[in-house]
Amino acid sequence: MSSPTSLLIRRARIILPNGESLLGDVLTRDRTIVQVAPEISAATPITEIDAQGLTLLPGVIDPQVHFREPGLEHKEDLFTASCACAKGGVTSFLEMPNTRPTTTTQQALDDKLQRASQKCLVNYGFFIGATAENLPDLVMAKPTCGIKIFMGSMHGQLLVDQDAALEAIFSKGERLIAVHAEDQARINERRKDFAGIHDPAVHSQIQDNQAALLATQQALRLSKKYQRRLHILHMSTAEEADLLRQDKPGWVTAEVTPQHLLLNTSAYAKIGTLAQMNPPLRSPHDNEVLWQALRDGVIDFIATDHAPHTLEEKAQEYPNTPSGMPGVETSLPLMLTAAMQGKCTVAQVTHWMSQAVAQGYGIPNKGAIAPGYDADLVLVDLNTYRPVLREELLTKCRWSPFEGWNLTGWPVITIVGGQIVYEKGKVHTHVRGQALTFTH
């Protein structure tokens with residue numbers, strides 16, 4: 001591992017924590033930002049980056065990924081995934097527990113942290129997964145960003161769809177609970193109704209808007225009953241957005257994925273099972289309502305739900321195909337391209353993908369460009385458009401639902417802990433991130 005260094009980034013358009021931009025310089029020392037100013041003079045020899053024409057953002061914190069290690073490394077592993085993160089400007093991630101074995105004990109959490117310390121080029125944190133039987137682990141395991149509950153779209157021990165088990169989890173402890181909100185009973189009934197249909201577009205009808213709304217309503221009810229910190233993962237429907245617009249306590253947050261903003265059910269006709277995910281893609285109306293909820297602050301931040309599967313797995317006949325799609329390499333360019341199209345501002349993207357995530361999960365010193373904050377940064381080019389090309393992807397699955405989309409805002413340089421981890425197409429694989437800490 002290389003020793004910590006000082007970096008001086010010159011002549012960048014810097015997005016400041018208040019949303020304003022400054023044309024100027026940023027100085028980092030060791031792992032920390034020490035100065036942000038219109039011009040900084042460096043007295044000692046220092047690594048300089050000429051960022052003229054580029055925009056400097058805080059590194060993306062992706063709060064929902066599935067990196068498949070241990071047990072499913074043929075799809076992805078912590079090394080390949082963190083290389084993809086570096087290329088996409090993602091400097092920190094929070095990873096989900098549905099690996100093999102599942103992350104439901106302190107021992108399994110410790111194993112992931114040890115693997116990540118050896119393999120991850122970016123910073124990392126891990127969820128502890130809820131089962132109907134592991135309440136002591138959910139209360140005591142550390143360090144973890146929160147408890148993940150699969151209320152639906154899961155099988156085996158990670159499916160927690162019984163009222164008594166959900167009540168027990170919400171009533172004990174104070175840790176953040178993040179829910180995959182789909183009603184399993186409704187999904188089971190609708191699977192019977194659509195049995196024998198092999199068109200993947202039926203996926204959005206089986207796991208319909210009502211299945212999502214029912215589970216979100218239940219999670220919100222339990223959260224209010226116990227005043228429990230709740231985060232709603234990958235919200236996908238207009239109905240859920242409208243519910244939160246009317247009734248969202250201060251301790252509740254929600255996220256949305258780029259695919260639920262930018263893709264809809266029309267994608268099945270174009271890319272088939274590559275469009276299959278949980279919760280499913282919805283209608284253009286849902287897209288619009290989710291965008292408005294995000295702009296209005298009803299939805300708090302962006303996550304990718306990066307969930308890779310091999311092309312061979314995706315080539316099976318529905319419903320034997322797995323749900324999920326990769327996303328860490330494309331999320332920032334997708335959102336910045338949307339900003340260039342007038343759907344939002346660059347400052348809003350920065351807030352949704354960095355600052356708000358750090359606030360929501362209590363990650364100190366992350367998500368902003370200011371003295372004292374960690375030097376996790378990304379320089380992007382908002383003047384050049386390039387297509388998403390399969391052969392350029394670093395995720396092990398080597399495909400994207402956005403293949404062929406012409407995007408701007410691609411990262412040019414990504415910095416983790418004051419070290420350049422990605423630079424103009426090259427990943428510096430010797431760099432290592434650190435375990436994230438959580439204040440609540």
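Predicted model: local features only at pLDDT ≥ 70, side-chain atom pairs only at ≥ 80, totals over all residues.

Leaving aside residues up to four places away in sequence, Val 179 touches Ile 149, Met 151, Phe 170, Ala 219, Leu 230, His 231, Ile 232 and Leu 233. Val 179 also belongs, together with Phe 93 and Ile 149, to the residues with the most contacts inside the largest nonpolar core, which has 96 residues.

The aromatic residues come next. Rings are taken as paired if their centres lie within 6.5 Å, and by this rule the model contains 6 aromatic pairs. One of them joins Phe 93 and Phe 126: the ring centres are 6.2 Å apart and the planes stand at 80°, so this pair is edge-to-face, given that the class requires an angle over 60 degrees. Because Phe 93 lies in strand S7 (residues 90–95) and Phe 126 in strand S8 (residues 123–126), the pair ties together parts that are 33 residues apart in sequence. Phe 93 is buried, with a relative accessible area of 0%, and Phe 126 is likewise buried, at 0%. Phe 126 forms a further aromatic pair with Tyr 124; here the centres are 6.2 Å apart and the planes make 40°, an arrangement classed as tilted. Tyr 124 is buried as well, with a relative accessible area of 5%. Phe 67, Phe 93, Tyr 124 and Phe 126 together form one aromatic cluster. Elsewhere, a charged residue meets a ring: Lys 148 lies over the face of Phe 150, at 3.7 Å from the ring centre.

Which strands make up the open sheet with parallel pairing, and in what order? The sheet consists of 3 strands in the order S6-S7-S8. Strand S6 (60–65) and S8 are its edge strands, each pairing on one side only. Neighbouring strands in this sheet are turned by 20° against each other on average, direction ignored. Between S6 and S7 the parallel pairing extends over 4 bridges, and Val 60 has Val 90 in S7 as its bridge partner. Helix H14 (residues 346–361) packs on the sheet, where it touches S6 and S7, and its direction makes about 60° with that of S6.

An antiparallel pairing is found in strand S2 (residues 21–29) and strand S3 (residues 32–37), which are joined over 5 bridges. Within this pairing, Leu 27 stands opposite Gln 35 in S3. The hairpin of S2 and S3 has 2 residues between the strands, and Asp 30 takes a positive phi near 55° there.

Methods:
Residues numbered from 1 in each chain as written. Heavy atoms only, no water. Phe/Tyr/Trp six-rings, centres within 6.5 Å; stacked < 30°, edge-to-face > 60°. Buried < 20%, exposed > 50% of the residue type's maximum accessible area, 1.4 Å probe, protein only. Lys NZ or Arg CZ within 6 Å of the ring centre and 35° of its normal. Core = buried A, V, L, I, M, F, W, Y, C linked by side-chain atoms within 4.5 Å. Contact = heavy atoms within 4.5 Å. Pairing = 2+ DSSP bridges. Axes fitted to C-alpha atoms, helices over the stretch in contact; angles between N-to-C directions.
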